Amino acid sequence: MAQDRPTSELLRFLAEFYDSRNLISTANRLGKGSATCFRLLAQAREIFEDPLFVKSGRAMMPTPKMDSLIGEIQSILMRIESEGLFAKEFNAGFPYWLY
């Protein structure tokens with residue numbers, strides 16, 4: 001079953017990818033494997049029903065839809081961070097969506 005809402009992990013990925021425009025760089029900066037980031041991009045494309053990023057030379061450029069989403073994504077991430085909702089390390093007692 002496809003997920004219909006983005007998780008905080010997905011939003012963090014999209015914000016980082018928007019800044020770097022490079023999937024491998026994004027994976028390194030987030031401490032994730034490239035396969036995980038490819039999966040996150042595919043998941044985001046399905047949720048938002050848009051490619052979100054398209055290849056242009058050596059970079060991945062955001063689509064107009066991604067450009068329209070990034071402000072809200074950054075705002076959501078700032079609210080989550082300011083309220084201390086991001087888990088600093090894995091804790092089985094925390095809900096999955098905080099990771």
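A residue is called buried when its relative accessible area is under 20%, exposed when this is over 50%, and partly exposed in between, with a 1.4 Å probe and protein chains only. By this criterion L11 is buried, at 7% relative accessibility. The model is predicted, so local features need pLDDT of at least 70 and side-chain atom pairs count only at pLDDT 80 or more, whereas totals for chains, interfaces and linings use all residues. Residues are numbered from 1 along each chain as its sequence is written, and side-chain values use heavy atoms, with hydrogens and water left out.

L11 is part of helix α1; helices (H or I, at least four residues) and strands (E, at least two) are DSSP runs, numbered from the N terminus. With contact taken as heavy atoms within 4.5 Å, L11 touches P6, I73, I76 and L77, residues up to four places away in sequence not being counted. The C-alpha atoms of L11 and E72 are 9.9 Å apart, while 61 residues separate the two in sequence.

A pair of aromatic rings is described by the distance of the centres and the angle of the planes. Rings of Phe, Tyr and Trp (its six-membered ring) pair if their centres lie within 6.5 Å; planes under 30 degrees apart count as stacked, over 60 as edge-to-face and the rest as tilted. Two aromatic pairs are present in the structure. The pair of F13 and F17 is stacked, because the ring centres are 5.5 Å apart and the planes lie at 25 degrees. These two residues are four apart in helix α1 (residues 8-20), and F13 and F17 are therefore separated by about one helical turn. F13 is buried, with a relative accessible area of 0%, and F17 is buried at 0% relative accessibility.

The rings of F17 and F53 form a tilted pair, because their centres are 4.3 Å apart and their planes at 45 degrees. F17 belongs to helix α1 and F53 to strand β1 (residues 53-56), so this pair ties together parts that are 36 residues apart in sequence. Both F17 and F53 are buried. Through ring pairs, F13, F17 and F53 are linked into a cluster.

A charge sits over a ring if NZ of Lys or CZ of Arg is within 6 Å of the ring centre and within 35 degrees of the ring normal. R21 lies over the face of Y18, at 4.7 Å from the ring centre.

S20 is also located in helix α1. Apart from neighbours within four places in sequence, S20 is in contact with S25, T26 and R29.
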